[in-house]
Amino acid sequence: MSGLLAVEEAQARLLALRAPLAAENIAISESLGRYLSQDVIASRDQPAAPLSAMDGYAIRFADMPGPWTITGEIAAGAAPDRTVGAGEAIRIFTGAMLPDGADTVILQEDVAAAGTALTLTGDGPGTRGRHIRERAGDFAAGARLLAAGTHMGAGAIAAAIMGGAGEVRVGSRPRVAILTTGDELVAPGRALAPGQIPNSNGAMLAAMLAAVPADVALPLHMRDDRMSIANAIKELARHHDVIVTVGGASVGDHDHVRGALDDAGGRLDFWKIAMRPGKPLIAGTIGETLLLGLPGNPGSAFVTATLFLLPLIRHLAGAAHPLPPIRQAPLAAALAAGGARRDYLRARVDGAALHMFDSQDSGQTVPLIEADALLIREIGAPARAAGAIADYIAIA
Ligand SMILES: Nc1nc2c(c(=O)[nH]1)N[C@H]1C(S)=C(S)[C@@H](COP(=O)(O)OP(=O)(O)OC[C@H]3O[C@@H](n4cnc5c(N)ncnc54)[C@H](O)[C@@H]3O)O[C@H]1N2
Ligand code: MOO
């Protein structure tokens with residue numbers, strides 16, 4: 001089909017419309033989900049000294065199999081005040097600094113203590129250096145713990161803190177406005193007149209945006225009126241980095257988003273993608289603000305938000321790899337040949353196989369409940385047998 005943009009080209013054009021937002025310093029404890037805008041370098045060795053990994057006694061391995069004289073005690077957080085001499089043992093606890101002279105820790109389960117006398121009752125450490133965490137065994141000062149563009153998860157937060165960080169420099173959170181459009185739409189839970197339906201896309205998009213770093217305004221709703229939509233876009237553009245509209249993206253007499261973008265003084269960058277669902281996707285700018293116009297069908301909005309909206313937010317927030325990775329899994333059932341647009345089929349990965357849902361109607365919400373994958377079928381792809389390896393995108 002001519003005139004439709006390939007998905008990759010559209011994604012590249014969208015991300016090229018604006019550079020990532022400025023960086024800011026934030027407390028490391030606030031950094032979950034953010035993207036680093038500079039490397040995190042360790043300012044200390046971890047551990048900073050050899051530590052005991054267990055509760056027991058610090059000894060010299062050469063003194064095995066004992067007996068030993070207990071000469072002191074060292075707990076986590078204290079600096080050792082004595083060294084371990086020949087035939088001596090120092091009581092030690094997990095995380096405590098190993099005293100000089102000692103080279104091994106013997107588990108308390110392997111010995112019996114009576115006053116200062118310590119005797120071996122179990123197997124003891126088989127080798128020199130047992131139960132000791134070596135200095136810098138986790139990382140050394142100067143190590144690059146995290147690269148710019150890294151997504152901050154729980155593990156990255158832990159490592160950065162251990163490396164000495166109290167703050168990190170991250171990309172700012174894009175300010176996002178959601179604008180739903182349509183005369184037929186009514187706020188969730190409200191009574192419906194004939195022809196009306198509940199507005200599910202506004203809350204669905206807000207829920208999807210909760211997975212990325214964004215300041216999301218409460219969804220706004222406009223009737224199918226070009227001037228109202230244009231005014232809303234113009235106003236929202238003053239305070240938001242991204243306006244995502246949903247509905248009114250197609251060619252019907254009541255589809256006004258494209259016209260409203262013009263009226264608001266905006267510029268259309270592209271419209272219509274070679275994908276199903278999601279063909280009527282709109283992208284443009286109003287000054288510095290990006291406008292992404294998603295098609296109104298819930299399935300289309302869901303798929304285009306996964307492929308365009310969330311990557312755009314990640315890009316603006318500083319992600320090194322904003323696009324969803326393509327994964328592979330075997331097909332659970334045969335797949336018919338592809339058509340003129342690339343399909344993103346709602347599916348589920350169960351037992352490592354891809355199960356495509358029977359209904360792919362983009363107007364339905366029920367398939368979205370269980371969908372955790374979008375199975376990709378290329379334009380004109382031949383029919384595939386069950387077991388063939390197929391590409392998919394995991395839905396977070
Ligand atoms: N003659 C043509 N008709 C259509 C074409 C086309 O190329 N030629 N494209 C079709 C495709 S593909 C799609 S997708 C839809 C999308 O059109 P719009 O973006 O203009 O969406 P609407 O017409 O406003 O709504 C479509 C559908 O979704 C419902 N909807 C809309 N907003 C919401 C919401 N916030 N919550 C829940 N449901 C919503 C709406 O009631 C409609 O049923 O156009 C095809 N038509
Ligand atoms: O391709 Mo539309 O996006 O049918 O639902």
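The residues around ligand 2, meaning those with a heavy atom within 4 Å of it, are P277, G278, K279, N297, S300, R341 and S362. This is a predicted model, in which local features need pLDDT of at least 70, side-chain atom pairs count only at pLDDT 80 or more, and totals for chains, interfaces and linings use all residues. Residues are numbered from 1 along each chain as its sequence is written, chains are lettered from A and ligands numbered from 1 in the order in which they are written, and side-chain values use heavy atoms, with hydrogens and water left out.

By class, the shell of ligand 2 has one nonpolar, four polar and two charged residues. Here Ala, Val, Leu, Ile, Met, Phe, Trp, Tyr, Cys and Pro count as nonpolar, Asp, Glu, Lys and Arg as charged, and the others, Gly among them, as polar.

Next come the polar contacts, which are pairs of N or O atoms within 3.5 Å. G278 has a backbone N or O atom 2.3 Å from an oxygen atom of ligand 2. For S300, an N or O atom of the side chain is 2.5 Å from an oxygen atom of ligand 2. A polar side-chain atom of S362 also lies 2.5 Å from an oxygen atom of this ligand.

Ligand 1 is surrounded by 19 residues, and the closest are E184, N199, A249, S250 and K279. The shell of ligand 1 consists of seven nonpolar, nine polar and three charged residues. Polar backbone atoms take part in its contacts: one in A249 is 2.9 Å from an oxygen atom of ligand 1, and one in S200 is 3.1 Å from a nitrogen atom of ligand 1. A backbone N or O atom of G296 lies 2.9 Å from an oxygen atom of ligand 1. On its own, ligand 1 has 870 Å² of accessible area (Shrake-Rupley method, 1.4 Å probe), and the protein covers 70% of that area.

Away from the ligands, consider the strands, which are DSSP runs of E with at least two residues, numbered from the N terminus. Two strands pair if DSSP finds at least two bridges between them. Strand β23 (residues 326-330) runs antiparallel to strand β27 (residues 389-394), and five bridges join them. Strand β26 (residues 373-377) is also antiparallel to β27, with three bridges.

Methods
A polar contact is a pair of N or O atoms within 3.5 Å; within protein, one must be able to donate a hydrogen and the other to accept it, and residues adjacent in sequence count only if both atoms are side-chain atoms. Helices (H or I, at least four residues) and strands (E, at least two) are DSSP runs, numbered from the N terminus.
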